[in-house]
Amino acid sequence: MPSYVRARIRKCARIRTLSGSVVSVSGGKVSYSAPSFDESPMTVWYKPDSSWKTAKVNYQANGKWSGGAQQMEASCGGWYRYTIPDTAGGQVRMAFTDGGSAWDNNGGQGKDYRVSGGSVAVAGGQMITDVTPNCTIRQ
């Protein structure tokens with residue numbers, strides 16, 4: 001299969017042949033870039049060890065680190081949550097901390113949790129995607 005796209009568009013009785021890596025048409029205008037998509041947030045659920053008084057998440061999304069550990073909101077049943085505003089649908093790398101010396105980075109420095117999707121729940125070293133913990137959520 002060729003690595004280019006050919007499109008024929010009928011406009012004002014003329015036929016145009018276009019080629020390129022990505023060609024999109026919107027409102028009768030041709031663009032050689034991919035159309036933009038809405039943001040792709042990810043809700044992160046984390047249940048730390050019971051000795052933790054708070055939870056923070058440090059993450060990398062869209063190739064950028066969060067700029068330090070972000071405070072997670074206490075939610076329900078010992079779970080904390082944080083919503084990453086936009087993952088661009090890509091993989092997110094994350095580690096958790098109590099804000100002090102305790103870290104949960106999936107068993108070793110540099111390993112971290114790596115996940116894609118709309119939500120993830122992490123507890124006891126296990127990770128499940130596209131779920132919400134089974135408890136009453138406070139808004």
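A polar contact is a pair of N or O atoms within 3.5 Å, where, within protein, one atom must be able to donate a hydrogen and the other to accept it. Keep that in mind for Asn105: a polar atom of its side chain lies 3.2 Å from the backbone nitrogen of Gly108. The model you are looking at is predicted. Its protein chain has 15 strands and zero helices, so let's start with the whole chain and then visit a few residues.

**The chain as a whole**

- The protein chain has 139 residues, and 30% of them are buried.
- Take the contacts between residues at least 6 apart in sequence: 52% of them join residues at least 24 apart.

**A sheet of five strands**

- Strands of a sheet pair through backbone hydrogen bonds, and they can do so in a parallel or an antiparallel way.
- Here, five strands form an open sheet with mixed pairing, in the order β9-β10-β5-β14-β15.
- At the edges stand β9 (73-74) and β15 (126-129); each has a single partner strand, so one side of each has no neighbour in the sheet.
- On one side of β5 in that order comes β10 (residues 80-84), which runs antiparallel to β5 and is joined to it by five bridges.
- Within this pairing, Trp45 has Arg81 of β10 as its bridge partner.
- β5 also pairs with β14 (residues 119-123), this time in the parallel sense and again over five bridges.
- Two residues to look for here are Lys47, whose bridge partner in β14 is Ala123, and Tyr46, which stands opposite Val122 in β14.

**Aromatic rings**

- A pair of aromatic rings is described by two values, the distance of the centres and the angle of the planes.
- How many aromatic pairs does a search of the whole structure find? There are four.
- One of them joins Tyr46 and Trp52, with 5.7 Å from centre to centre and 50° between the planes, which makes the pair tilted.
- Are Tyr46 and Trp52 buried or exposed? Tyr46 counts as buried because its relative accessible area is 3%, under the cut-off of 20%. Trp52 is also buried, at 12% relative accessibility.
- Tyr46 and Trp52 belong to one aromatic cluster together with Phe96 and Tyr113.

**Thr54, a loop residue**

- You will find Thr54 in the loop between β5 (42-47) and β6 (56-61).
- Thr54 has a relative accessible area of 22%, so it is partly exposed: this value falls between the cut-offs of 20% and 50%.
- Which residues does Thr54 contact, leaving aside its neighbours within four places in sequence? They are Gln71, Tyr80, Thr97 and Asp98.
- With Gln71, the side chain of Thr54 makes a polar contact of 2.5 Å.
- Asp98 is 44 residues away from Thr54 along the chain, yet their C-alpha atoms are separated by 5.5 Å.

**Asn105, another loop residue**

- Asn105 sits in the loop between β12 (103-104) and β13 (113-115).
- Although it lies in a loop, Asn105 is buried, because its relative accessible area of 18% is under 20%.
- Not counting residues up to four places away in sequence, Asn105 touches Ala95, Lys111, Asp112 and Tyr113.

Conventions. Residues numbered from 1 in each chain as written. Predicted model: local features only at pLDDT ≥ 70, side-chain atom pairs only at ≥ 80, totals over all residues. Heavy atoms only, no water. Helix = DSSP H or I, 4+ residues; strand = E, 2+ residues; numbered from the N terminus. Buried < 20%, exposed > 50% of the residue type's maximum accessible area, 1.4 Å probe, protein only. Contact = heavy atoms within 4.5 Å. Pairing = 2+ DSSP bridges. Phe/Tyr/Trp six-rings, centres within 6.5 Å; stacked < 30°, edge-to-face > 60°.
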